[in-house]
Amino acid sequence: MPRLSREISGIVQAIDSETLTLLPDGKTELLLFAWEPKWTQFVRNREFASPNSLRPGTRVEVRYHSPFFGPRFVTRVFWQVASFNHKPGQFQRANPSASKHKQNGKNQND
């Protein structure tokens, strides 16, 4: 059975109200995709987002259909952005020097 959609990763070169231009990873030729708000989902950091939040230069994964006739059509665009707006204690930074000072579950300074 043929796959219903295809996926490709790359860097957004341009986006407007009807098209998305992508430079696929490892390629030199740009790909042009059609998209429509009714049928295309934009997902940033695992949450639905506005297409206006997608900027040129962003690395994305695109799910699309490639019909026999007509342009490639995007159904979903995924991307991640780094966020420093997290709650205290949500992320713990690895501290290699702290592990050197620990012995049997206690700090040497205790």
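These are my notes from looking through this predicted model.

**Ground rules.** I number residues from 1 along each chain as its sequence is written, and side-chain values use heavy atoms, with hydrogens and water left out. As the model is predicted, local features need pLDDT of at least 70 and side-chain atom pairs count only at pLDDT 80 or more, while totals for chains, interfaces and linings use all residues.

**Confidence.** I checked pLDDT (the predictor's confidence in each residue, from 0 to 100). The chain average is 82, and 72% of the residues score at least 70. Over residues 88-103 pLDDT stays under 50. Where pLDDT is low, the predicted coordinates should not be read in detail.

I took strands as DSSP runs (E, at least two residues), numbered from the N terminus, and called two paired if DSSP finds at least two bridges between them. Strand 1 (residues 6-15) runs antiparallel to strand 2 (residues 19-24), with five bridges. I found Ala14 opposite Thr21 in strand 2, and a hairpin of three residues joins the two strands. Strand 2 also pairs with strand 3 (residues 31-34), antiparallel, over four bridges. Here Leu22 stands opposite Leu31.

**Thr58.** I looked this one up in the loop between strand 5 (47-48) and strand 6 (59-65). Beyond four places in sequence, Thr58 is in contact (heavy atoms within 4.5 Å) with Gly10, Ile11, Val12 and Trp79.
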